[in-house]
Amino acid sequence: MESLPGGMTESGAAKIRARLGQISGGRILDVATGEGDFIDTLMITLKDYDCFVGIDISRKDLKSATKRFKDQSVKLAEMNAESLEFDDASFDTVSMAYSLHHLERTDEVLAEMLRVLKPGGNLIIQEEFFDGNHTEAQKTNLLQHAWDAQIDSLLGETHKTTFTKHRIEEIIGNLQLEPVEIFESAYPLGCLLCEKRSECIEDPKNQGRIDGMIKEIDDNLERLEKIADAEARVRLRESGEELKERNRKFGNTPPSALFAIGRKTFKGSV
Ligand SMILES: C[S@@+](CC[C@H](N)C(=O)[O-])C[C@H]1O[C@@H](n2cnc3c(N)ncnc32)[C@H](O)[C@@H]1O
């Protein structure tokens, strides 16, 4: 493995990578794939795989994923994960990253993910968590995420604030998986593979990154105008300005992540 910056070596991400390197993925379904970041991560980290299918409810995100994987064996489809259009037990691996807190009906989606997974196949879930030993730059990221989630919710989109570790473990613990391996990492697995980590984890106050995060706040401040509740608009505008200040002062890096790998039992679905 290539040399890693100090924080990453001890972050747990290296352990997750080593574990994924032992898994043959076979036919893989990535649920709520968005622009396909997790497909990219699994392509690099799994021991091997046959092909990927990525589904998402958002046509816009899938457009980017289509461009990204145009030369690779990845099929993408617009689909609601609450009713997957695949046969029972038709995938060797089913994955989902950073999406649990975006789901309106979490139980339905997880039941569908298990239905299409073969008995003995792996369910792989990555989700950021709130209650870690976060740096100030990571706290900025979590606060900004909570602010984004409030705006999305007021505009009618399902977007919950970041779950605690306990809540994620509880959700995964309710599924018929045996055994379940849980890993914790100070940073997302993707950061281990990201060419830009020197401008982020290693340099949280990197000007280009801060400018990017402030641009995201400005874009969301524009969206605020569509919120009907005037009091909420004022409150969120103020906290948006505070967040910009916090970005300048402390920087902004991705928070800790929980990673679960669980094997579907031969007994049934959920
Ligand atoms: C934060 S993004 C995560 C994207 C990607 N997995 C990643 O790691 O970057 C959450 C995604 O969940 C998708 N999503 C939310 N509810 C969904 C549903 N019911 N079915 C399919 N996708 C859904 C959204 O469209 C969005 O692309």
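This is a predicted model: local features need pLDDT of at least 70, side-chain atom pairs count only at pLDDT 80 or more; totals for chains, interfaces and linings use all residues.
- Is H134 buried or exposed? H134 has a relative accessible area of 9%, and because that is under the 20% cut-off, the residue counts as buried.
- A polar atom of the H134 side chain lies 3.4 Å from the backbone oxygen of F130.
- Setting aside neighbours within four places in sequence, the contacts of H134 are F129, K139, L142, P255 and S256.

**T164, in another loop**
- T164 belongs to the loop between helix 6 and helix 7.
- With a relative accessible area of 32%, T164 is partly exposed.
- Not counting residues up to four places away in sequence, T164 touches F129, F130 and D131.
- The T164 side chain also reaches the backbone nitrogen of R167, at 3.1 Å.
- For a sense of distance, T164 and D218 are 54 residues apart in sequence, and their C-alpha atoms are 28 Å apart in space.

- In soluble globular proteins, nonpolar side chains tend to be buried together.
- Here, the largest nonpolar core has 30 residues, and L29, V31, I55, F86, V94 and L100 have the most contacts inside it.
- Several elements each supply at least two residues of this core, among them strand 1 (27–31), strand 2 (51–56), strand 4 (91–97) and helix 7 (165–173).
- Which element gives the largest share of this core? That is helix 5, with five residues.
- V31, one of the residues with the most contacts inside the core, is in contact with I55, A81, V94, S95, M96, V109 and M113, once neighbours within four places in sequence are left aside.
- There is also a second, separate core of 21 residues, which includes L20, F38, A65 and A97.

**Around the ligand**
- The ligand has 16 residues around it, and A32, D56, N80, A81 and A97 come nearest.
- The shell is made up of seven nonpolar, six polar and three charged residues.
- D56 places a polar side-chain atom 2.6 Å from an oxygen atom of the ligand.
- D61 likewise has a polar side-chain atom at 3.2 Å from an oxygen atom of the ligand.
- How much of the ligand's accessible area does the protein cover? On its own the ligand has 590 Å², and the protein covers 83% of that.

**Backbone angles worth a look**
- Most residues other than glycine have a negative phi, and most peptide bonds are trans.
- A32, one of the residues nearest the ligand, has a positive phi, near 55°.
- A32 is found in the loop between strand 1 and helix 3 (37–45), and at 22% relative accessibility it counts as partly exposed.
- Y98 is not a glycine either, yet its phi is positive at about 55°.
- Y98 lies in the loop between strand 4 and helix 5, and its relative accessible area of 24% makes it partly exposed.
- Which peptide bond is cis? The bond from E178 to P179 is, with omega near -5°, and P179 is part of strand 6 (residues 177–185).

Note on methods: Residues are numbered from 1 along each chain as its sequence is written. Side-chain values use heavy atoms; hydrogens and water are left out. A nonpolar core is a set of buried Ala, Val, Leu, Ile, Met, Phe, Trp, Tyr and Cys residues joined through side-chain atoms within 4.5 Å. Buried means under 20% relative accessible area, exposed over 50%, partly exposed in between (1.4 Å probe, protein chains only). Helices (H or I, at least four residues) and strands (E, at least two) are DSSP runs, numbered from the N terminus. Contact means heavy atoms within 4.5 Å. A residue is near a molecule or strand if one of its heavy atoms lies within 4 Å of it. A polar contact is a pair of N or O atoms within 3.5 Å; within protein, one must be able to donate a hydrogen and the other to accept it, and residues adjacent in sequence count only if both atoms are side-chain atoms. Accessible areas come from the Shrake-Rupley method with a 1.4 Å probe; for residues, only the protein chains shown count as cover. Ala, Val, Leu, Ile, Met, Phe, Trp, Tyr, Cys and Pro count as nonpolar, Asp, Glu, Lys and Arg as charged, and the others, Gly among them, as polar.
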